[in-house]
Amino acid sequence: LTPTAARAVMGDYPVEVVRHVEVSSTCERVIAPDCATMTIHARSEKDNLQDAHGSVEKWVRWVQQVSAQHNVLQDDFCVHWNVSAGTTKTNISATILVTFRKAESADAAFTTILGRASDRFSVEPLKRFVGPDLVTTMRRDLAVLAAESAMAKASAIAAACGMRLGTVVALSEVPGGTLPSITATVQAKWELLQDRADSLQKR
């Protein structure tokens, strides 16, 4: 329709033309490990099972005490026993696995335990990892940043077209990445609004 014909049909009432703009935005962040696991080995060789077990158990209890001082929960402390009985001697070993939810606690405990290392008591280097709680928090924050970035892009596109953003009609968030790097991609679709009467008058 020509502007004159359009006015004859619609009158002079403003009519909004609805179009859409789809935008995708991705944010990425590298997360520093906030947790760690420590593996300790204790062993003993005695003439009988009871003495050998008692010797190793002392180490286990001590490590447990040190761990508790650094806020290690009971569920994060695990011990695996191994018994080997020979003709004259009995060998018992224990592998202690401790999970620390705070990296600084792991460092302090590691220093204490390493100070007692011997040929029958040893500790492996700390294995650091990103805890699930931190990942969840970071993903949520990244999704918000990605959504804000997507909206900024959409607003810029709308302004360049002489239009304005309307209602969000579709929104999705896709997490991704491989630790220690994670990403969040937000895909969004907005209505683009413009006054049709104004645009017709300009023709």
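Mentor: Happy to; let's take helix 3 and then its surroundings. Keep in mind that this is a predicted model. Helix 3 runs over residues 103-114, twelve in number. From its first C-alpha to its last it reaches 16 Å, close to the 16 Å expected at 1.5 Å a residue.

Now see which residues are tucked away. Ala103, Ser105, Ala106, Ala109, Phe110 and Ile113 are buried in helix 3. They sit on the same side of the helix because they cover an arc of only 145° around its axis. As background, an α-helix has 3.6 residues a turn, so residues three or four places apart point the same way. On the face turned away from that buried side, helix 3 carries the exposed residues Glu104 and Thr111.

What covers the buried residues? The cover includes helix 2 (49-69) along with strand 2 (35-46), strand 4 (90-100), strand 5 (121-123) and strand 6 (127-129).

Helix 2 deserves a moment of its own. Its axis and that of helix 3 come within 10 Å and cross at roughly 150°, and the two helices are therefore roughly antiparallel to each other. Their crossing is right-handed. Trp62, Val63 and Val66 from helix 2 meet Ala109, Thr112 and Ile113 from helix 3, and of these Ala109 and Ile113 are among the buried residues of helix 3.

Finally, pick out Thr39 in strand 2. Thr39 is buried, with a relative accessible area of 12%. Beyond its neighbours within four places in sequence, Thr39 is in contact with Thr95, Ile96, Leu97, Ser122, Val123 and Glu124.

How values were computed: Residues numbered from 1 in each chain as written. Predicted model: local features only at pLDDT ≥ 70, side-chain atom pairs only at ≥ 80, totals over all residues. Heavy atoms only, no water. Helix = DSSP H or I, 4+ residues; strand = E, 2+ residues; numbered from the N terminus. Expected span 1.5 Å × (residues − 1). Buried < 20%, exposed > 50% of the residue type's maximum accessible area, 1.4 Å probe, protein only. Arc of directions from axis to C-beta. Contact = heavy atoms within 4.5 Å. Axes fitted to C-alpha atoms, helices over the stretch in contact; angles between N-to-C directions. Parallel < 35°, antiparallel > 145°, perpendicular 65-115°, else oblique. Left-handed = near helix turned anticlockwise from the far one by under 90°.
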